[in-house]
Amino acid sequence: MIIKNRLFKLSTLLLLCVSYYSCDVEPEIYSEILPEEFFQTPEQFASAASSAYIPLRRSVDWIHPVSDGASDQSTVPVRSNNGWDDGNVWPRLMSHDFSPTQFYTSRAWDLSSEGTAICNRLIEIFTEQAGADSPAVAELRTLRAYYIYMALSYYGNIPVELRFKDADPAPSQISPQEAWNILESELLASIDNLSEEKSSATYGKVNKWVGYNILAHLYLNSERLTGVPKWQEAANAANVIINSGAYSLESGYFANFRTNNESSNENIFIVPFERGFLNGFNFRHTALHQSAAPTFGMADTPWGGFSIQEDFYNAYDANDKRRNMFLAGQQYTIEAGPNWNDDTGFSYNNPDSSFELVNCVEDFDNYSASGQAELVGGCNIFITTDYNEIENRYPYRHGARYVKYEIALNETGDISNDWVIYRYGGVLLLRAEALWRMDNGSSEALALVNMTRARAGLDALVALTEDDLYWEIKKELAIENHARATTIRFGHWEDPWFQKGVGNVKGVPSVNNNEEFRRFYPIPDAALQANPSLNQNTGY
């Protein structure tokens with residue numbers, strides 16, 4: 001089964017390489033193919049459509065800071081050597097002091113703009129060659145809707161241009177409601193023409209169930225975006241996926257995030273990666289402690305930035321298997337046997353004291369003698385789940401790290417795990433939330449939540465409160481770039497948390513910028529300069 005799905009994945013990657021200039025494939029030209037002769041088979045359309053998926057590869061690292069990183073889940077404190085300050089960029093993000101000139105502000109905008117433009121171009125070509133109602137056009141219209149929804153979710157007041165050849169070079173913004181209406185119309189017009197197939201032809205690409213996922217999220221976040229709730233519609237869209245029988249919960253939570261996670265029957269929409277062939281999955285670099293290289297046999301050094309907030313870590317019950325997606329406690333060299341298990345996640349097979357990891361460079365040597373005295377264990381690498389400010393900075397070894405996605409041992413460079421955008425566990429909780437919003441006593445909502453809890457090794461709830469629902473969604477989907485939207489929907493975006501009204505940044509108490517206009521990011525300064533028709537979002 002793994003071999004079969006590996007072939008599916010590789011066939012998808014080959015299609016991506018056909019239209020992506022940086023793949024290391026040396027072409028050998030046997031004959032010249034004219035445009036009117038190319039679009040003859042589904043495989044040719046699939047090859048041409050592959051370029052529209054390329055921007056998704058950057059969404060892994062680019063979206064994480066402005067979603068999970070700006071929420072009550074993750075954080076980027078200024079570290080012991082002043083690392084991850086970068087001119088106050090990260091402290092401002094953590095405190096929601098968003099700026100239109102900061103690089104992370106523009107990334108969702110750039111991804112959406114690039115992906116939408118590619119889709120627009122291909123839709124016009126495909127419509128001419130295969131007709132407006134063809135599956136190939138439906139696939140691209142649905143993918144385009146995903147890109148536009150990304151911009152709507154993060155910026156609210158956006159331009160929507162669905163043309164390429166005759167596109168307005170300076171389109172004006174429309175209201176969130178108008179953009180929402182366009183997206184709903186596009187998705188409803190396309191979904192029934194999408195493939196229901198699960199094979200090499202659809203792995204990593206849009207099929208009908210991906211389309212219903214996008215539609216369900218559009219409905220789930222309707223009240224957040226437009227002020228008009230669409231809970232029943234969200235529940236209905238999720239139910240189409242559930243009733244299809246196309247997907248199911250994996251018995252082990254971590255099976256969805258292993259190196260060979262293309263065998264997962266739970267993952268619905270993914271971004272394929274393959275080390276040495278299609279790179280770009282850099283999560284281990286941004287989040288692991290620098291001294292993790294000897295733990296996993298890496299030749300390169302991680303960057304030690306992102307970590308998990310203490311309150312978020314502590315929200316997990318001690319027996320919640322999902323808590324093993326976070327790395328904490330005494331760290332060891334590779335001789336201790338770092339290992340991933342589908343059911344329980346990360347652990348060390350042989351955590352013997354002789355294999356304890358020691359490194360003075362990344363913390364101990366960065367402080368004065370008095371600061372060094374505050375580092376319990378000296379050079380010993382013991383990762384704590386709390387944060388202790390020392391000399392206006394935070395040690396690298398403070399804050400649990402990410403090991404949700406398996407890290408293959410003794411490999412250099414990027415990892416081969418496929419990044420998960422939508423999966424069946426998220427669909428169950430989406431329907432649960434929508435049903436609960438309409439009826440706080442919904443027995444089905446309770447049953448759906450208990451399904452994900454049972455897999456995590458937790459007792460069933462007898463009733464479902466708002467806090468129960470909020471934390472189950474946040475825990476189940478942690479490190480999957482859904483945190484920001486969830487936090488806003490449940491009314492917690494303006495709350496104080498670590499580095500946002502709680503804790504210090506370089507010795508100065510952090511600020512809780514809690515104005516509601518910050519639920520949308522500012523329009524990037526570069527976009528405003530390029531398009532004189534755009535206006536900055538209110539408050540910035």
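## Two residues with positive phi

His 96 lies in the loop between α5 (89-94) and α6 (103-130), where helices (H or I, at least four residues) and strands (E, at least two) are DSSP runs numbered from the N terminus. His 96 has a positive phi of about 65 degrees although it is not a glycine, and its relative accessible area of 1% makes it buried (buried means under 20% relative accessible area, exposed over 50%, and partly exposed in between, with a 1.4 Å probe and protein chains only). Asn 392, also not a glycine, has a positive phi of about 70 degrees and is placed in the loop between β8 (382-383) and β9 (401-402); at 38% relative accessibility, Asn 392 counts as partly exposed.

The model is a predicted one, in which local features need pLDDT of at least 70 and side-chain atom pairs count only at pLDDT 80 or more, while totals for chains, interfaces and linings use all residues. Residues are numbered from 1 along each chain as its sequence is written, and side-chain values use heavy atoms, with hydrogens and water left out.

## Cavities

The structure holds four cavities of 30 Å³ or more. A cavity is here a set of points, on a 1 Å grid over the protein atoms alone, where a 1.4 Å probe fits but cannot get out, and lining residues have an atom within 4 Å of a point; grid points are joined across faces, edges and corners, and a volume is the space filled by probe spheres set on the points.

The largest cavity has a volume of about 490 Å³ and a lining of 31 residues, of which His 217, Tyr 422, Glu 480, Asn 481 and His 482 lie nearest its centre. Elements that each supply at least two residues of this lining include α7 (135-155), α9 (208-220), β10 (419-423) and α19 (483-489). By class, the lining has 16 nonpolar, 10 polar and five charged residues, where Ala, Val, Leu, Ile, Met, Phe, Trp, Tyr, Cys and Pro count as nonpolar, Asp, Glu, Lys and Arg as charged, and the others, Gly among them, as polar. The second largest cavity contains about 70 Å³ of space, and its lining has seven nonpolar, no polar and two charged residues, among them Phe 283, Arg 284, Lys 404 and Ile 479.

## Nonpolar cores

The largest nonpolar core has 128 residues, and among these Phe 126 and Phe 326 touch the most other members; such a core is a set of buried Ala, Val, Leu, Ile, Met, Phe, Trp, Tyr and Cys residues joined through side-chain atoms within 4.5 Å. Helix α7 gives the most to this core, with 15 residues. A second, separate core of 16 residues includes Leu 288, Ala 293, Leu 327 and Ile 383.

Leaving aside residues up to four places away in sequence, Phe 326 touches, among others, Phe 312, Tyr 316, Val 403 and Ile 479, a contact meaning heavy atoms within 4.5 Å.

## A hairpin and a helix

Strands β6 (residues 338-341) and β7 (residues 345-348) run antiparallel and are joined by four bridges, two strands being paired if DSSP finds at least two bridges between them. They form a hairpin with three residues between them, and Asn 341 has Gly 345 in β7 as its bridge partner. In a regular strand the side chains alternate between the two faces of the sheet. In β6, Pro 338 and Trp 340 make up the covered face, whereas Asn 339 and Asn 341 make up the uncovered one.

In helix α18 (residues 466-476), the buried residues include Leu 469, Tyr 470, Glu 472 and Ile 473, and what covers the buried residues of α18 includes α14 (310-315), β10, α16, α17 (443-455) and α19.

Conventions: On a 1 Å grid over the protein atoms alone, a cavity is a set of points where a 1.4 Å probe fits but cannot get out, and a pocket is an open set with protein on both sides within 12 Å along at least five of seven lines; lining residues have an atom within 4 Å of a point.
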